[in-house]
Amino acid sequence: MVARLVVAAPASGSGKTTVATGLMAAFTAAGLAVSPHKVGPDYIDPGYHALATGRPGRNLDAYMCGTELIAPLFSHGARGCELAVVEGVMGLYDGAAGAGELASTAQVAKLLRAPVVLVVDASSQSRSVAALVHGFASWDPEVRLGGVILNKVATDRHEALLREALEESGVPVLGVLRRAPSVATPSRHLGLVPVAERRGEAVDAVAAQAEQVRAGCDLEALLALARSAPPLPGHPWEPGTALGSPAVRARDRRPLVAVAGGAAFTFSYAEHTELLAAAGAEVVTFDPLHDEELPAGTAGLVVGGGFPEVYAPELSANSRLRKAVAELARSGAPVAAECAGLLYLARSLDGRPMCGVLDADARMSERLTLGYRDAVAVSDSVLAQAGTRMRGHEFHRTVTEPGAGANPAWGLRQPEPRVEGFVRGGVHASYVHTHWAGAPGAARRFAERCAAWDAAV
């Protein structure tokens with residue numbers, strides 16, 4: 001039994017991240033073991049959640065992982081904790097485009113049987129806040145709206161007007177937060193700046209968020225609300241159970257899988273490395289900004305998402321590592337690259353030399369590509385057999401020319417039919433982010449290919 005709250009809002013920009021992170025940090029400072037979670041595919045907010053709690057921030061994505069895995073993945077992440085705080089995505093009832101409530105915060109709250117706290121930007125309203133809260137509370141009777149936190153409240157008089165109005169709604173006010181520049185987190189072309197790029201400032205911002213929440217919220221009432229959540233049925237997700245059995249036999253040597261990290265490659269799901277380890281691989285992280293060699297004995301390479309466009313000069317200047325990556329790829333070793341990884345493997349990024357594994361050049365674009373994707377594997381690869389269907393997500397402001405190789409990685413239906421990505425030898429490179437908890441066969445297949453390559457060299 002884990003006490004739990006879902007922090008939601010009527011719309012993006014209301015202050016969900018500030019409140020959720022502040023609650024996580026405040027309860028952690030009070031001595032509780034707090035499990036942090038984020039609805040949807042966001043990679044950046046969980047970094048701030050991890051900073052606030054000292055535990056990995058975990059995503060709950062009903063589109064990529066399936067509704068049946070939401071409660072088990074939650075229980076896996078929250079094991080050993082007393083409280084879980086789940087930050088929602090977009091507006092409370094906003095889900096995958098054209099798919100109703102699928103992947104919405106409301107759906108996840110219902111799957112977790114968790115009460116919802118609504119964060120409302122009250123900066124430009126007074127009595128109308130009651131109508132807004134009433135509408136959100138009554139829209140879906142299966143969603144339990146347990147309270148509201150008013151954000152960006154201007155004055156004591158403003159607060160009094162808001163509280164008076166909300167008395168008629170029947171939804172209790174559990175917090176009132178004034179405008180506070182010290183809690184702000186800088187943004188750029190894909191949202192917040194990740195923790196790894198501003199750790200000192202991020203620590204200060206999280207501390208300020210915790211103090212703001214302590215001063216403005218009724219923590220006792222919020223904890224009581226969280227503890228009112230009923231027990232969740234079923235068992236926690238287990239990577240070994242999801243795989244069925246290890247991909248690498250116990251008597252065989254464990255292949256070493258190098259995973260890119262550091263400030264340029266911050267987008268990852270904790271379950272990926274857990275699945276690789278359960279499949280029998282040894283997982284080692286390296287930093288392409290600073291490490292000049294791959295980890296000794298590397299038998300497979302995973303380069304996930306991040307911001308290589310911000311660090312293109314530094315990545316390009318590390319020519320020794322670029323050469324090592326290119327040599328590993330040419331040897332046929334398994335290489336899985338998503339989004340930022342695709343850019344790093346390209347011939348160039350904004351005119352600067354990259355690894356040259358792919359016959360493609362990448363550049364920044366003014367257009368944001370964003371959304372869930374239904375994907376089918378076009379070519380056999382280290383991640384999937386041709387014809388395998390997976391769900392993923394795109395999130396980038398770059399383009400590659402060409403956008404697909406002679407052997408594309410995926411065929412996509414949204415937003416229009418197209419092929420995308422590159423499969424070449426042991427390399428699978430694509431803009432599409434996937435969540436392997438929803439497709440554990442990808443982790444198994446990758447570990448098997450790494451073991452086979454390792455045994456052959």
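Before the first entry, a term I need: a helix here is a DSSP run of H or I with at least four residues, numbered from the N terminus. I also keep in mind that this is a predicted model.

Entry: helix H4. I looked up residues 70–78 and found H4 mostly covered, with 8 of its 9 residues buried. I wrote down the buried ones: Ile70, Ala71, Pro72, Leu73, Phe74, His76, Gly77 and Ala78. Then I checked what comes just after H4, and there glycine 80 has a positive phi of about 85°.

Entry: H1 and H9. How do the axes of helix H1 and helix H9 cross? I got roughly 95° for H1 (residues 16–29) and H9 (residues 219–227), with the axes coming within 12 Å. Angles of 65 to 115 degrees count as roughly perpendicular, so H1 is roughly perpendicular to H9. On the H1 side I listed Leu23, Ala26 and Phe27 in the contact, and on the H9 side Leu219, Leu222 and Leu223. By class, I counted 6 nonpolar residues in this contact, no polar and no charged.

Entry: the second largest pocket. I noted a volume of about 820 Å³ for this pocket. Which residues lie nearest its centre? They are Thr266, Phe267, Ser268, Tyr269 and Ala270, out of 36 lining residues. Among the elements giving two or more residues to the lining, I jotted down helix H2 (45–53), helix H11 (270–278) and strand E12 (298–303). Sorted by class, the lining has 21 nonpolar, 13 polar and 2 charged residues.

How values were computed. Residues numbered from 1 in each chain as written. Predicted model: local features only at pLDDT ≥ 70, side-chain atom pairs only at ≥ 80, totals over all residues. Heavy atoms only, no water. 1 Å grid on protein atoms, 1.4 Å probe; cavity = no way out; pocket = protein on both sides within 12 Å on 5 of 7 lines; lining within 4 Å. Points joined across faces, edges and corners; volume = space filled by probe spheres on them. Nonpolar A, V, L, I, M, F, W, Y, C, P; charged D, E, K, R; others polar. Buried < 20%, exposed > 50% of the residue type's maximum accessible area, 1.4 Å probe, protein only. Axes fitted to C-alpha atoms, helices over the stretch in contact; angles between N-to-C directions. Parallel < 35°, antiparallel > 145°, perpendicular 65-115°, else oblique. Contact = heavy atoms within 4.5 Å.
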